[in-house]
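Please read these points with the sequence and the model open beside you.

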Amino acid sequence: MDDVEVNRDLLSRRLRQQGHAVEVAENGRRALEMIRSAEFDLVLLDIMMPEMDGYQVLAEMMADPALKHVPVVMISAVTEMDSVVRCIEMGATDYLPKPFNPVLLKARVGATLEKKRLRDRERLYAKSLERELEIGREIQKSFLPEELPGPAGWQIAARFEPARQVAGDFYDAFELPAAGRIGLVVADVCDKGVGAALFMALFRSLLRATATEDPDGFADAASGLERAVRLTNDYIARTHGRSNMFATLFFGVLDCATGSLLYVNGGHEAPVLFGPDRAAARLSPTGPAVGMMPDMAFEVGEARLAPGEGLLAFTDGVTEARDERGLFYGEERLLEAVASPISSAQTLLDAIESSVAAHVGGAEQSDDRTLLAVRRLPAA
């Protein structure tokens, strides 16, 4: 783009001789209109132009996400080096001095276009990766329960907020073979990203399969619970030991008739038992993280939820949510939210999410956050 017709004609002829398709504009405003209406691989931009000068055109391009990736080579006289430096600082790729040297013109245009082609390939590859991750996110989402069980007299709610497209956290809630019993799972696979997401699917599937296909139909809940966790642990450790992947895991079995809760806590954050007439209690680990080594022992703990009481299980992404200064949300704030009067499992999770969001502010989420709340309705 040059306001002098002779210069435009000379530059156009030389570029066409080099095999390039060329469009010309007589002023800055027209140049910007053309750049916005069609796709260009390179813009040669004179600094001094009528209506809009080169600085203005360059500033408009750099401010537009759709145009800022188009390389700009400034055209200037040798005496305008300060102006060239200013343009480079604004985002221009290179410059060409006037009068035009054919060899220099060919070299700089060729080099700039080659860089453009490389960047285009990188963007295309990044876009394809983004698409693959989006597919992975949708597949992983299908591993979470579409609908939570709704046993009479109970409320079950969950929240899942991945830090990336795919996550290592998961939760589950499902009916067990024995009537009136619900399986409750919250787990956190070590590490983050695609690897953790793949193992998340494996852990979830193994737990579901071993629990729902228990040969005794979970008639003995303690035995079925221990068996499901033990078989999952041994399979991961023996088959995928080289991957060094494991998960902290809370797996509880709730008897909806009695409020009895049997559980295995494999190295996981201790869930909280809460209620209007009881101090918050914690369900501490009863065994190691799942999948680290074969033949590990997992004990079964027991608790009971009376009418009006509930259970909150969570991953460390909640308590370790950081604000802009790097400070953790912490368990103290979480316990304060649990201690407040609540009307439902949903409102409890709403309150916790609001509290975490207020703490985090504008800081980037660094870890997956998962919450599972179970509440027994108060007696009529």
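1. The largest cavity is lined by Gly317, Glu320, Ala321, Arg322, Val360, Ala363, Glu364, Gln365, Ser366, Asp367 and Arg369; a cavity here is a set of points on a 1 Å grid over the protein atoms alone where a 1.4 Å probe fits but cannot get out, and lining residues have an atom within 4 Å of a point. By class, this lining has three nonpolar, three polar and five charged residues, where Asp, Glu, Lys and Arg count as charged, Ala, Val, Leu, Ile, Met, Phe, Trp, Tyr, Cys and Pro as nonpolar, and the others, Gly among them, as polar.

2. This is a predicted model, in which local features need pLDDT of at least 70 and side-chain atom pairs count only at pLDDT 80 or more, while totals for chains, interfaces and linings use all residues. Residues are numbered from 1 along each chain as its sequence is written, and side-chain values use heavy atoms, with hydrogens and water left out.

3. Helix H3 (residues 54-63) and helix H4 (residues 81-90) pack at an angle of about 10°, with their axes 10 Å apart. H3 is therefore roughly parallel to H4, a term for angles under 35 degrees. Tyr55, Leu58, Ala59 and Met62 in H3 meet Ser83, Arg86, Cys87 and Met90 in H4, contact meaning heavy atoms within 4.5 Å.

4. Helix H6 (residues 193-212) and helix H7 (residues 221-239) pack at an angle of about 140°, with their axes 9 Å apart. That angle makes H6 oblique to H7. By class, their contact has ten nonpolar, two polar and one charged residues.

Definitions and conventions
1 Å grid on protein atoms, 1.4 Å probe; cavity = no way out; pocket = protein on both sides within 12 Å on 5 of 7 lines; lining within 4 Å. Axes fitted to C-alpha atoms, helices over the stretch in contact; angles between N-to-C directions. Helix = DSSP H or I, 4+ residues; strand = E, 2+ residues; numbered from the N terminus. Parallel < 35°, antiparallel > 145°, perpendicular 65-115°, else oblique.
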